Amino acid sequence: MRKISGIAASSGIAIAKAYVLATPDLSYNKLQVDNPDSEIQRLKEALDISKQELEKIKENARKSLGDEHAEIFSAHLLVLSDPEMIHPIQDKIKTENVNAEAALDETANMFIDMFKAMDNEYMRERAADIQDVTKRVMAHLLGVTFPDPALIDEEVVIIAEDLTPSDTAQLNKQFVKGFTTNIGGRTSHSAIMARSLEIPAVVGTKTIISDASEGDLIIVDGMDGKVIINPSEEELATYRKKQEDFEEQKRIWAELKGEPTVSADDEHVELVANIGTPEDVVGVINNGGEGVGLYRTEFLYMGKSELPTEEEQFQAYKSVLEQMCEKPVVVRTLDIGGDKELSYLKLPEEMNPFLGFRAIRLCLEREDIFRTQLRALLRASTYGNLKIMFPMIATLDEFRQAKALLLEEKANLLNEGVDVSEDIEVGIMVEIPSTAVTARQFAKEVDFFSIGTNDLIQYTMAADRMNERVSYLYQPYHPAILNLVNNVIEAAHAEGKWAGMCGEMAGDSIAIPILLGLGLDEFSMSATSILPARTQIKDLSKGEMASYKEQLLSMSTADEVEAFIRRVTKQ
Ligand SMILES: C=C(OP(=O)(O)O)C(=O)O
Ligand SMILES: [Mg+2]
């Protein structure tokens, strides 16, 4: 038995066998062979099995993510059946008497280099397809396992260095009981996805990849951030009990499902949810969410081979609005960049991607992408209570430009005879310190603020939200953060606007009493945090918390703030 610690990323207890998700070692030796025919046969077998796997993955992706997402696998299948690709490999084996691995690798590389050099986006994408599929064929030639999260069909806990958002999007909740990674923090996207999938997760363990092996029995404790490898009988029994207790706790929370969120002194706040896809709305409703405070639209753009069309986006937005039946839905426009890449956009590599060309910066330059999204949103606006917000706003000028494009597209649609709602609120994410500091100036022009603490903390403390080595600096309760948050809320209220928070801090049990006292109007969090937060707020007095405001804002350290809150709220 071995116990390691990491960062608790998504609540619950998972107990299942380890499934290691890592790219295997695909190195090989180039060999001269006496019997090229048997090499050609080996190649054929590796190609056949790869095709069968891809067919299965494609079918799974179609069922869980829709036709568009499945298309990427059709492109991969085409590569494996393309004689222009396969014949040169066979010829190489015959004429040069080399093994299948060398013939595959050298031929594939020749095509990849050729396509990459072309000044044509379509051909560059084909290079990426070839790269992807040859890895799979190579793994079969070498007899090593090539992990496929989409093919998992038994209960497992996934072990990985990190999970990309598209890896996470492929996970089937029925079989993936939990996951644990070497890197990442509570606000890395894999952690956020885990919470929206309601899968227990522990991230940032630093060593799980080397500590655990395929098939080990793993316990993931997503509450305390612990991972146990091959537990003793006693430990297993303890965790089975903890698992049952958690289920019981969930039943108690569920009693407040249909209730509004009201504090002990009768003050109402809104508890809404963060979502990534229209499918997540079910979780929002099941967890008693009073709306959607952040719809991260990036997922519409990821795991595909091209940009989503206006119609495709319109259908997604409409579906969310309709399912939420007139409850507020805040949709954030595309926030790509940083750790969220789009393979088909081919953006140049940057030294500091989190400080680089991303989100609204990219949208204001690539107006074609932005206008398509704005049109889709405006068209969907008549199906519910839509609010639009722009991410990563650093200057008022960016907000004005983005809003001007929105108004232009609205006018275009009205000219085309398309109905558009007349009362769409337009707000911004406050996740850059400059914006938090100058919130007063913004408040005159925006309809609302939503504080994105995941980024606001990393930019204020200069501590990468994904880097566990500097996670000690990632301090939500730091007085610097509290003062910025307070500044934003006061600025909003001074202009009669509302202020929400959609960073992970909004669902944190130490932060909730502070934010309640600062007067935050809307708390947007993972759907699974809503009922525990409603239960907590029911016992808190907003007036009492507000009376601590000045004291909290003038404290010197995050620890001091935390100790104070623990004491006054008996946590
Ligand atoms: C909600 C936020 O956005 P994201 O986590 O998608 O960067 C944030 O930065 O707090
Ligand atoms: Mg952000």
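Helices are DSSP runs of H or I with at least four residues, numbered from the N terminus. In this predicted model, one such run is α10 (residues 281-286), and Gly-283 belongs to it.

**Gly-283 and its surroundings**

A residue is buried if 20 or more other C-beta atoms lie within 10 Å of its own, and exposed if 12 or fewer do. Gly-283 has 19 other C-beta atoms within 10 Å, so Gly-283 counts as partly exposed. Leaving out residues up to four places away in sequence, Gly-283 touches Ser-196, Glu-198 and Ala-527. Ala-237 lies 46 residues from Gly-283 along the chain, and their C-alpha atoms are separated by 30 Å.

One of the contacts of Gly-283, Ser-196, is among the buried residues of helix α7. This helix is mostly covered, with 9 of its 9 residues buried. The buried set includes His-189, Arg-195 and Leu-197. Another contact of Gly-283, Glu-198, comes just after α7 and takes a positive phi of about 60 degrees.

**The sheet**

An open sheet is formed by 8 strands in the order β1-β8-β7-β3-β4-β5-β6-β2, with mixed pairing. Its edge strands are β1 (2-5) and β2 (7-10), each of which pairs on one side only. From one strand to the next, the twist averages 30 degrees.

| Strands | Sense | Bridges | Bridge partners |
|---|---|---|---|
| β1 and β8 | antiparallel | 4 bridges | Ser-5 and Lys-226 |
| β7 and β8 | antiparallel | 4 bridges | Ile-218 and Ile-229 |
| β2 and β6 (residues 201-203) | antiparallel | 3 bridges | Ala-8 and Val-202 |

β7 and β8 also form a hairpin with 4 residues between them. In its turn, Gly-225 has a positive phi of about 70 degrees.

Helix α9 (residues 233-253) lies across β3 (13-21), β7 (217-221) and β8 (226-229), and runs at about 115 degrees to β3.

In soluble globular proteins, nonpolar side chains tend to be buried together. The largest nonpolar core here has 93 residues, of which Val-292, Ile-428, Phe-449, Val-488 and Leu-515 touch the most other members. Helix α19 (residues 479-494) supplies the largest share of this core, 8 residues. Apart from this core lies another, of 34 residues, including Ala-14, Ala-18, Leu-197 and Val-203. Leu-197 is also one of the buried residues of α7.

Around Ile-428, leaving aside its neighbours within four places in sequence, the contacts are Met-389, Phe-390, Ile-393, Phe-399, Phe-442, Val-446 and Phe-449.

**The shell around ligand 1**

The residues around ligand 1 are Thr-187, Leu-294, Arg-296, Asp-335, Glu-431, Gly-452, Thr-453, Asn-454, Asp-455, Cys-502 and Gly-503. β11 (292-296) and α18 (453-461) are the elements that give two or more residues to this shell. The most comes from α18, with 3 residues. By residue class, the shell divides into 2 nonpolar, 5 polar and 4 charged.

Terms used:
Residues are numbered from 1 along each chain as its sequence is written. Chains are lettered from A and ligands numbered from 1 in the order in which they are written. This is a predicted model: local features need pLDDT of at least 70, side-chain atom pairs count only at pLDDT 80 or more; totals for chains, interfaces and linings use all residues. A residue is near a molecule or strand if its C-beta atom, placed from the backbone, lies within 6 Å of it. Ala, Val, Leu, Ile, Met, Phe, Trp, Tyr, Cys and Pro count as nonpolar, Asp, Glu, Lys and Arg as charged, and the others, Gly among them, as polar. Two strands pair if DSSP finds at least two bridges between them. Axes are lines fitted to C-alpha atoms, for helices over the stretch in contact, and angles run from 0 to 180 degrees between N-to-C directions. Two residues are in contact if their C-beta atoms, placed from the backbone, lie within 7 Å. A nonpolar core is a set of buried Ala, Val, Leu, Ile, Met, Phe, Trp, Tyr and Cys residues joined through C-beta atoms within 7 Å.
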